[in-house]
Amino acid sequence: INSNATAYAAVDITDCLRVYTAGENIEGVACDTCNKNTTHRRVNSIAKPSPIMCLHLSRRIYSPRYNKMIKISAPVAFPLILDIADYCDKNKDNTKGEDEDVDLDVDVDVSECGLKYCLRAVVVHTGTSEVGHYSCFVSYIDTSASKDQEAKVEAGVETETESEVENSVTRRWVYISDSHISHDVNVSKVLAAQSSAYMLLYERT
């Protein structure tokens, strides 16, 4: 996804997806039947939403002024929950996963509930187009918190129903930079990495 879609102004990841799937006219394409130059329409869309979606933000562009590749540091806002229904192929059954033998959602009306993904990791890049450092924010399930909830149920503490405990999980964020790991990172810090976000990884809900 080209984060330079609207020059160097701040954009949202949905703006990038909208530009990426907007389509373009291709002039001067020779027709196989009549051999005349015609205009074709090319449109990018998501045919089969996968369990894990990786969005790569292209932050390098050639600068005629400097005669080299430069880095684009334009802020790209991204949400915790991303609905990609508007960017999928409308002629495909998007309720099915990448593997045709596996239905990720059964009897799902995409037009009503959409195709939602949850943010699970953000790869960030600091530096220039020539040199820099990669690090990552990663979300994980806190199993200790889940065990505490299960213990409450076993002890007869009726603060939550059994179904609520079964379906609720506690997620936490960590920041990983080489061998250094920072625990209990606030999610606001993750979402604030708009100018350095290089890759966004989402999981389908």
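Arg172 is partly exposed, at 31% relative accessible area (that label sits between buried, under 20%, and exposed, over 50%, using a 1.4 Å probe and protein chains only). Its side chain meets that of Asp142 in a salt bridge, 2.4 Å from N to O (a salt bridge is a side-chain nitrogen of Lys or Arg within 4 Å of a carboxyl oxygen of Asp or Glu). This is a predicted model, where local features need pLDDT of at least 70, side-chain atom pairs count only at pLDDT 80 or more, and totals for chains, interfaces and linings use all residues. Residues are numbered from 1 along each chain as its sequence is written, and side-chain values use heavy atoms, leaving out hydrogens and water.

**The overall picture**
- The structure holds five salt bridges.
- Side chains of opposite charge can pair when their charged atoms come close.
- Arg120, Arg171 and Glu203 are linked in a salt-bridge network.

**Links across the chain**
- Glu24 pairs with Arg42 in a salt bridge, with the closest N and O atoms 2.2 Å apart.
- That pair links distant parts of the chain, since Glu24 is in strand β2 (residues 24–30) and Arg42 is in strand β3 (residues 37–42), 18 residues apart (strands are DSSP runs of E, at least two residues; helices are runs of H or I, at least four; both are numbered from the N terminus).
- Glu24 is partly exposed at 36%, and so is Arg42 at 45%.
- As for Asp142, it counts as buried at 10% relative accessibility.

- Asp15 and Arg18 form a salt bridge, their closest N and O atoms being 2.4 Å apart.
- Both lie in helix α1 (residues 13–20), three residues apart, or about one turn.
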